[in-house]
Amino acid sequence: MIGEGEPKGWRQPELWAKALPSVALQTLFFLAPLLMTVLLTFQETRSFMLQWAWSLKTWSDIFSRPHYWTILWHTLWMSALCVALCVLISLPVAYALATRLQSMSGHVKVLITFAFLTDATLKTFGWVLFLDQKGAANFLLERIGFPPAMIGFLYTDWATLLGMVYNLLAFTIFTIYLSIANIDRSLILAAYDAGASKWRAFWEVTLPLSRPGIWTGSVLVFLLSVGVFLEPKVLGGGKSPMSAELIRQTFETRVNWPLGAALTIVLMVTAVFVILLFNRVYSLRRHGAAA
Amino acid sequence: MEKADTGGMGQDTILDIVDVRKRYGASQALKGVSLRVQRGEFVALVGPSGCGKTTLLKQIAGFEYPDGGRIAIEGQDMAGVPASERPTSMVFQKLALFPHMTIAQNIGFPLKLRARPADEIARKVREMVDLMYLKPEYLDRFPQQLSGGEQQRVALARSMISAPKLLLLDEPLSALDVKLKKILQAELKRLHRSLGVTFVHVTHDLEEAMMLADRICVMRAGEALQVGRPNDIYYRPADSFVAGFIGETNLLDVEVIEVRPDAVRYRAGDITDADGLLPRALAADAIAPGPAKLMVRPELLAMAKNGEPYPSAITAEITETFGKGGAIQFRAVTPGGQPVVVEVPGTSHWPARLGDTVRLGWHKRDIYLLQERA
């Protein structure tokens, strides 16, 4: 980011001096590890030892085994679902916070922040206790007359998704809330005045104007959900691992660093590609509206 | 002469506001306001900030509902009718153009909501653009790409496209510079005349209200103090607040002794007056015996030369002079210590100098007796 100044700025030595610490930090802590990860993918392992041999073995391995791609595809699907659910749940919550519950919104925001700051591991295991066959949820349902073990979706993808949405929801709530709270109230009144019902005013004015918040929240949640490993392991029971868990296993259990590094690169590139793709669609839509 | 006009009795009342009250928490924003507006009229609501004029406009538009009283548009009670279903249209102070829509989409928005066919919307948008003297190439631009005056025209076009019965204007010109303001004031007048739509215009700018409106409603602290034609408001204000709010004026201390059906007898401290008697029409409706003010506008005072007779006059010493180009203004003080302002047409030869003692006279028809509001 810092490297992309205005062209004329490059000629000023003063700017160079000012940018140097930041450039050095970025290089040291961001670019260098990335470069090392890329270099790692061209090495090999033999009996759990890293061999410094330049080869494309790892890459040919990855591109010839559909297993990795199935997991990647599964990860992307889960992340997309998670983003969609987060946005759908956050919209009414954020709208209510910004419009209906203004007097209480301070308290509600503090509560959300507290819930958000509580360690994700704790909360995820809490869900296990709650959703277990003999857990609190089933106990209560049985008590009021439902058949035993009503809720049996622990250790499925749905439980994983529940955990992901639960842990990441705060991001979309806050970004969308900020967008909605910043909309000039007279714009909504103008929509009513023009003849819009409440729902129509939301659809025509509030929703389009909260798009920046929806977009920012979606990108955040997407990037974070591509990297989850806790939820699929704890709530999904490790039955259908996602990319982050695969990478962890590759590094730790299989001690295959080149493969782990390559899988990391694949995941990163895919995630960035997906975001760029959607960004393109998003800006095309905006331009389409302008034409 | 019409006084304290509350609207004609005619059948063609488009807006009837009766005893409307509105409270926000502890403050009473509207304390029972009544106003009747005729079809095709241009009515201005004026008053200092916080007087309730914008609150009243919100009740008419339907953004808020009054706590008491009645608002009827074309004879139909508006109680419980939301803004989206009222035949009114508002031009907002901050214009409220939708930033994510083009100019064409902004102007056509009310018709889109009414599910009109696209070609009809496009045609009507064109008509509005022509009416507002907007350039057709602006249609594809976004509001923030236009200048303040152009945005103003877009806001007017959007409000007018659905042919509202009542156009409500909430100080839409207050953010513009003086020159642009003048142009758009003329534009509003032209629109009002050519469209025949009823305008209710909120402003704190008295001059603007005098220029544009057929009738003015002066408000203060949630009350309508006076409703009347601009000239009546200016020369026959209901009380000393209205008199002081609208332009510069002289309010001289007098005492009303007797109110008769045909005349009012008063005694004037500093004023020499032949008989101390005024026709009843030259005193406020609510005048009662007791301390009162004699109002005379600075431009209606004449500087009397020695020996020239005026039926009533006052002596004062000039303390300040201002040349205003077209006019000369003198500030003077009477022996009793009352300030007086006189304005005479500008001449190269000044009729008086600083320190001169002059006699200021007036014709009886040019003064008005009024009191403070109880």
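Reply: Of the 291 residues in chain A, 39% count as buried (under 20% relative accessible area, with exposed meaning over 50% and partly exposed lying in between, for a 1.4 Å probe and protein chains only). This is a predicted model, in which local features require pLDDT of at least 70 and side-chain atom pairs pLDDT 80 or more, while totals for chains, interfaces and linings use all residues. Residues are numbered from 1 along each chain as written, chains are lettered from A and ligands numbered from 1 in written order, and side-chain values use heavy atoms, without hydrogens or water.

Chain A comprises 13 helices and two strands (DSSP runs numbered from the N terminus: H or I of at least four residues for helices, E of at least two for strands). Its C-alpha atoms fill a box of roughly 70 × 70 × 35 Å along the principal axes.

Over all chains there are 29 salt bridges (a side-chain nitrogen of Lys or Arg within 4 Å of a carboxyl oxygen of Asp or Glu). A:R248 takes part in two of the pairings considered here, one with A:E245 and another with A:E252. The closest N and O atoms are 3.1 Å apart in the pair A:R248 and A:E245, and 2.8 Å apart in the pair A:R248 and A:E252.

Both pairings belong to one helix. A:R248 and A:E245 lie in α12 (residues 243-252) of chain A, three residues apart, about one turn of the helix. A:E252 is four residues from A:R248 in α12 of chain A, again a separation of about one helical turn.

A salt bridge in chain B links B:K53 and B:E171, at 3.8 Å from N to O. B:K53 belongs to helix α1 (residues 53-61) of chain B, whereas B:E171 is in the loop between β7 (166-170) and α5 (178-195) of that chain, so the pair ties together parts that are 118 residues apart in sequence. B:K53 is buried, with a relative accessible area of 4%, and B:E171 also counts as buried, at 8%.

Finally, chain B holds a network of salt bridges, which links B:D12, B:R39, B:E74 and B:K165.
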